[in-house]
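I went through the fold piece by piece and jotted down what I looked up.

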Amino acid sequence: MNRPYNFSAGPAAIPAEVLEQAAAEMLDWHGSGMGVMEMSHRGKEFISIYEQAEADLRELLAVPANFKILFMQGGGLAENAIVPLNLSHAATVDFVLTGSWSQKSFKEAGKYAAQAHVSASAEDSNFTAIPPAASWDLSRGASYVHLCTNETIHGVEFHELPDLKALGSDAPLVIDFSSHVASRPVDWSRVGLAFGGAQKNIGPAGLTIVIVREDLLGHALPACPSAFNYKTVADNQSMYNTPPTWGIYMAGLTFQWLKRQREGGLTGIAAMEQRNIAKAELLYRSIDQSQLYLNKVAPNCRSRMNIPFFLRNEALNDAFLAGAKERGLLQLKGHKSVGGMRASIYNAMPLAGVQALVDYLHAFEQQHA
Ligand code: PMP
């Protein structure tokens, strides 16, 4: 089936192979007589789905043995509260503000931590650059340092994680990797905890992935809800409460799909990363070379996943979107807080989809020159 290319920022496109397999298994999963949504989470069928998904994610992201993988509910915004409820035993938590999502995390943490401190902010640049790590004002003895490593709205990505020790901080690094999880490898030697909603790169909304170093478990504030206490969740293999079973199953199918990906002799996440670099380069080059389109983000921190761009003549916005839709290029409208356009090109977007967008960018510009 020839489907349009979907550039939604999330919930976002899912690989057609994954959707087809889920459709084929909808009424009867592997001869069990049940669909996955109808299974007890404690039955052997679902346990096997869960164990495979966990093992595949651990393999794909090369998650070390001293990290727990938790499958939770609540999404990225709930984690903004759940992280401080679990980790803010010391007085201060540090934030680097690089866009809307880290700003939201900072505001929420202030409800739970004694002090939420801004170590650096890119607000002055309208969130088009990342303040250099050497300039961050990191607190002594902070519980953690929070970054959003891919700002979905502003299109800003950390291409390297900071080495907090080298910057004089002993705090664990907490990253919100919602919108670039599984698009590139993660340097776990620099991370204490990573969280992300699934609905961009991994599957349907409703599943939240938390990957946490074991020594950070067991320090929750007394008010932390049991279902959101990382230690309780870890001790119960993510089944203290009913986990988002359908989301875990769909994520598992996506992990299998990721493992099958090949690119230039590479497999899995390494292959994905190569493809994502090629896709992003193609799109940024075409925007930079045009007279009509503009991306304002500093080249060293441009996101490979979310590419906001503006038409210099904003009166053409509606015509641009209508023409895109006609060509089967969907959901290109920018976030309301930023305006303009945004192309989200997660793992499920093939190079051919980005090429189709680039062809349209050229054609539209010529038509309106
Ligand atoms: N963090 C980031 C980076 C996001 O992109 C989003 C959603 N767009 C969130 C957090 C919030 O996720 P949710 O809506 O699942 O709570």
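**Ground rules.** I'm working on a predicted model, where local features need pLDDT of at least 70, side-chain atom pairs count only at pLDDT 80 or more, and totals for chains, interfaces and linings use all residues. Residues are numbered from 1 along each chain as its sequence is written, and side-chain values use heavy atoms, with hydrogens and water left out.

I checked UniProt: an unreviewed entry lists "domain: Aminotransferase class V" for residues 5-357. Positions there follow the numbering used here, feature names are shortened, and annotations may be inferred rather than shown by experiment. Over residues 5-357 I get 31% helix and 18% strand, with the end C-alpha atoms 9 Å apart. Helices (H or I, at least four residues) and strands (E, at least two) are DSSP runs numbered from the N terminus.

**H3 against H4.** I looked at how helix H3 (residues 75-87) packs on helix H4 (residues 100-109): the angle is about 45 degrees and the axes are 9 Å apart. Axes here are lines fitted to C-alpha atoms, for helices over the stretch in contact, and angles run from 0 to 180 degrees between N-to-C directions. H3 and H4 are therefore oblique to each other; angles under 35 degrees count as roughly parallel, over 145 as roughly antiparallel, 65 to 115 as roughly perpendicular and the rest as oblique. H3 brings Leu-77, Asn-80, Ala-81 and Pro-84 to the contact, and H4 brings Trp-101, Lys-104, Ser-105, Glu-108 and Ala-109. Contact means heavy atoms within 4.5 Å. By class I have 5 nonpolar, 2 polar and 2 charged residues in the contact of H3 with H4. For the classes, Ala, Val, Leu, Ile, Met, Phe, Trp, Tyr, Cys and Pro count as nonpolar, Asp, Glu, Lys and Arg as charged, and the others, Gly among them, as polar.

**H6 against H7.** Next pair: H6 and helix H7 (residues 268-288) pack at about 75 degrees, with axes 7 Å apart. H6 and H7 are therefore roughly perpendicular to each other. Trp-257, Leu-258 and Lys-259 of H6 meet Gly-268, Ile-269 and Met-272 of H7. I sort the residues of this H6 and H7 contact into 4 nonpolar, 1 polar and 1 charged.

Which residues does the "binding site" annotation cover? The unreviewed UniProt entry gives Trp-101, Thr-152, Asp-176, Gln-199, Asn-241 and Thr-242. They are spread over 142 residues of sequence and also spread in space, up to 29.6 Å between C-alpha atoms.

I picked two of these to look up. Asp-176 lies in strand E8 (residues 173-176) and is buried, with a relative accessible area of 7%. Buried means under 20% relative accessible area, exposed over 50%, and partly exposed in between (1.4 Å probe, protein chains only). Not counting residues up to four places away in sequence, Asp-176 touches Trp-101, His-146, Leu-147, Cys-148, Thr-149, Asn-150 and Phe-195. Thr-242 sits in the loop between helix H5 (230-235) and helix H6 (245-260), and at 44% relative accessibility it counts as partly exposed. Leaving aside neighbours within four places in sequence, I find Thr-242 in contact with His-41 and Gln-73.

UniProt's unreviewed entry has "modified residue: N6-(pyridoxal phosphate)lysine" at Lys-200. I place Lys-200 in the loop between E9 and strand E10 (208-213). Is Lys-200 buried or exposed? Lys-200 is buried, at a relative accessible area of 14%. With residues up to four places away in sequence not counted, Lys-200 touches Ala-9, Gly-10, Ala-12, Ala-13, Thr-152, Ser-178, Ser-179 and Tyr-346.

Most residues other than glycine have a negative phi, and most peptide bonds are trans. I noted a cis peptide bond joining Gly-10 and Pro-11, with omega about -10 degrees. Pro-11 is in the loop between strand E1 (5-6) and helix H1 (16-24). His-30 has a positive phi near 50 degrees; His-30 is in the loop between H1 and helix H2 (44-60) and is exposed, at 57% relative accessibility. Ala-182 also has a positive phi, near 70 degrees, in the loop between E8 and strand E9 (193-197). Ala-182 is buried, at 3% relative accessible area.
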